[in-house]
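Have it open while you read, and tell me where you would look next.

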Amino acid sequence: MILNYIWIFFFAAAFITAICVSASTGDVSIWSDIMNSSFDQAAFAFEISLGLTGVLTLWLGIMKIGERGGVIAGLARLVNPFFSRLFPGIPAGHPAMGSIFMNISANMLGLDNAATPMGLRAMQEMQSLNKKKDTATDAMIMFLVLNSSGLCLIPISIMMYRAQGGASNPTDIFIPILVATTIATLVGLTALCIKQRIRPDRVLLSWLGGIAAFVALVVWFFSSLPAEKVQVYSTFAANVILFSVIIIFIAMGVRKKINVYDTFIEGAKEGFKTAVMIIPYLVAILVAIGMFRASGALDFFTDGVEWFVGLCGFDTQWVGALPTMLMKPLSGSGSCALMLDVMKENGADAFVSQVAAAVRGSTDTTFYILAVYFGSVGVMKTRYAAGYALLADVVGAVSAVITAYFFFAH
């Protein structure tokens, strides 16, 4: 329901803004800009789906091998003590547990291309348990909020963009991003546990404490490395882990004496069908976002925030990163473009550029995730998923700004 209102708001805000601009300035070209944006975004939605087709085909094929080889079931048993508390609606040992674990692990390693197919597989497994096929279950909502909060240990792509932008130390945002995304995940998880009446017990608290300790260990390890080694080692670790997963899946398939090639093809066919199914959902979200941005509504809002912050006597340096912050839940490519634009205009080592990078990595792209994941299984009634996902977004963004001031402000 919330997503429905937000979607309507984008169109209404774009329309009202266009009327105001035309009436006050006489500029009628804004209407062409808005409509051109709608066409461009519709085409872009198809391009995203087309681009996902190959990745989905690859990883759903690999996941099918892991499923037949018993790896997914083994992972489900491994994480069952923890996940059975977070996802009480999923039976113990169900394949969905393994797929959820694989998805979250890939996200933590910054492996977006691998995480999406695994996440779609998890949604399909959860949908098989869903009695109301058009309505999101509590387990689906928990999974979506964990994805949108975007706990990421290794923000490879952002470090790469900073390196390309000429930053003297591209990895300086590593710890701020890790701190911000951890806070966003813990707050989103806690709020949702309260909403779903999930009571913390010794096992749940032990797992959460272990995750926090692991994050602290990662912070300590990478902060002890020379700056030029952080990106090299993090990229190396992520890729070695990913390739090892592929080898382990294939090896277990051979051990189970299954035809791994035919099994891969069977899973790959599912990937193609999934990519086609998400197109309408992507078009709906991206067109609304594109029209909202093209109308200038986003710029008006950021200008108003900068004026208000200055009026209150607070520092306004961070406001230059606000468009990145606002675009992040709406469009991953859009927020990336805005982050790069800030770096281009101010220099990669400018404080506002560091804030924009920290914000960009603090959470994941909420509306893209909602559209793709729910769309892949035909869920129309998302209940309170959007509200709690946006809570994690807000917390992550605020944490990123505060952390950036702590590390970078002089």
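Predicted model: local features only at pLDDT ≥ 70, side-chain atom pairs only at ≥ 80, totals over all residues.

1. Let's start with helix α8, which covers residues 174-195.

2. The phi of R197 is positive, about 55°, although the residue is not a glycine. R197 counts as exposed, because its relative accessibility of 76% is over the 50% cut-off.

3. R383 is worth checking alongside. Its phi is also a positive value, near 55°, and again the residue is something other than glycine. R383 sits in the loop between α17 (366-376) and α18. With a relative accessible area of 35%, R383 is partly exposed.

4. Moving on into α18 (residues 385-408), we get to S399. Is S399 buried or exposed? Its relative accessible area is 9%, which is under 20%, so S399 is buried. Leaving out residues up to four places away in sequence, S399 touches A180 and I183.

5. Another serine to click on is S149, in helix α6. S149 counts as buried, at 1% relative accessibility. Which residues does S149 contact, once neighbours within four places in sequence are left aside? They are T181, A184, T185, S362, T363, D364 and A392.

6. Now the second largest pocket, with a volume of about 720 Å³. Its lining has 33 residues, and I104, M108, L151, I211 and F214 lie nearest the centre. Two or more lining residues come from each of α3 (71-86), α4 (95-108), α6 (138-149), α8, α9 (202-223) and α10 (227-255). The largest share, 10 residues, is given by α9.

7. What is the lining made of, by class? There are 25 nonpolar and 8 polar residues in the lining of this second largest pocket, and no charged ones.

8. As for the nonpolar cores, the largest has 100 residues, and F87 and M126 have the most contacts inside it. Not counting residues up to four places away in sequence, F87 touches M97, I100, A139, M142, F143 and L146. Apart from that core lies another, of 15 residues, with V55, I72, A115 and V245 among them.

9. Two long-range pairs deserve a look too. I258, in the loop between α10 and α11 (260-277), is 190 residues from R68 in sequence, yet their C-alpha atoms are 7.6 Å apart. I258 is partly exposed, with a relative accessible area of 24%. Besides R68, the contacts of I258 include I65, G69, G253 and T263, leaving aside neighbours within four places in sequence.

10. The other pair is A43 and V283, which are 240 residues apart in sequence and 8.1 Å apart in space, C-alpha to C-alpha. A43 belongs to helix α2 (residues 29-68). Its relative accessible area of 38% falls between the 20% and 50% cut-offs, so A43 is partly exposed.

Conventions: Residues numbered from 1 in each chain as written. Heavy atoms only, no water. Helix = DSSP H or I, 4+ residues; strand = E, 2+ residues; numbered from the N terminus. Buried < 20%, exposed > 50% of the residue type's maximum accessible area, 1.4 Å probe, protein only. Contact = heavy atoms within 4.5 Å. Expected span 1.5 Å × (residues − 1). 1 Å grid on protein atoms, 1.4 Å probe; cavity = no way out; pocket = protein on both sides within 12 Å on 5 of 7 lines; lining within 4 Å. Points joined across faces, edges and corners; volume = space filled by probe spheres on them. Nonpolar A, V, L, I, M, F, W, Y, C, P; charged D, E, K, R; others polar. Core = buried A, V, L, I, M, F, W, Y, C linked by side-chain atoms within 4.5 Å.
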